[in-house]
Amino acid sequence: MIDRSPSPDKIQPGQVLLRTAGACDLDPQHLLEVFGEQRRRFVAVLRGFGPDDWAAPTRCADWSAHHVVRHLCDSTALGIAAGPGDRTLDMTAGFDPRITPGRYLTASAGESPGATLSRFVASTEQMLALLRARLAQGRRFTVRLPYGPMDWTVFVLHGFWDSWLHERDVLLARGTEHPTSGDATGYAAAYGDPVRDKLTLGGDGSGIFDLDSRGAVTLTVTRVTTAGPPAAQVTDALAGRGSAAALCDLPASSRAALSHLAEFFNTPAEQQTA
């Protein structure tokens, strides 16, 4: 068996700092390693899919596994194209996570699963190579995300969160275990946690998630082994997936904040012509 555990100098730092004012403290090189591992793992599963598997429903309403992977191809292309000042995910510029991704899918309507998988593999490798080169060049610039202007590396974190969550959407709907890692779950929970207080989450990706939204938004994630509601299940609940039971042990204020965002994702948006 090959040991794929990270070397000591590649282990995720004990703390991740994301904020809309000032520099973010995030190890993007390690994030890209985790991102690549997640994509390769998912691709290995998809290679074994037959026609019925591609057509099977997922946790995303009205989306089959094929829809989900086509969406991830679209998201990857957006990540490749993102440059200084990018507003792709800026809700004030018209982005709506409930309907915008579905509109992107019209461009690949009729694409075969085999063609989609090939596009997924190629675009993933292109994205990872581009981002590694950008890191090597020391490039820094800001893009606009739903929480405000942030360093481009947080856009990458969003892309990872989206990919990790949709992998779960496909696998858990099939009754298949999601073979994630603690680092992967920690990154996913870091991006997807909008609670305006401090949460202590357990399981894979465990740690303390402390968000201060007074003025600029600052989220500090301290990775420690601790007891608490499982980070993966709480991240699911944040995005409107799975059971709300994962939130039962959280403070009432945290449950309210999580439920509010989940309700937004699950509330149909008014369909307007583009």
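Student: Which residues form one aromatic cluster?
Tutor: Phe-35, Phe-160 and Tyr-187 do. This is a predicted model, in which local features need pLDDT of at least 70, side-chain atom pairs count only at pLDDT 80 or more, and totals for chains, interfaces and linings use all residues. Residues are numbered from 1 along each chain as its sequence is written, and side-chain values use heavy atoms, leaving out hydrogens and water.

Student: How many aromatic pairs does the structure hold?
Tutor: There are five. Rings of Phe, Tyr and Trp (its six-membered ring) pair if their centres lie within 6.5 Å; planes under 30 degrees apart count as stacked, over 60 as edge-to-face and the rest as tilted.

Student: What kind of pair do Phe-141 and Trp-152 form?
Tutor: That pair is stacked, at 6.1 Å centre to centre with 25° between the planes. Phe-141 lies in the loop between helix H5 (113-137) and strand S2 (142-145) and Trp-152 in helix H6 (residues 152-173), so the pair ties together parts 11 residues apart in sequence. Helices (H or I, at least four residues) and strands (E, at least two) are DSSP runs, numbered from the N terminus.

Student: Are Phe-141 and Trp-152 buried or exposed?
Tutor: Both are buried, meaning under 20% relative accessible area, whereas exposed is over 50% and partly exposed lies in between (1.4 Å probe, protein chains only).

Student: What sits over the ring of Trp-152?
Tutor: The charged end of Arg-134, 4.7 Å from the ring centre. The criterion is NZ of Lys or CZ of Arg within 6 Å of the ring centre and within 35 degrees of the ring normal.
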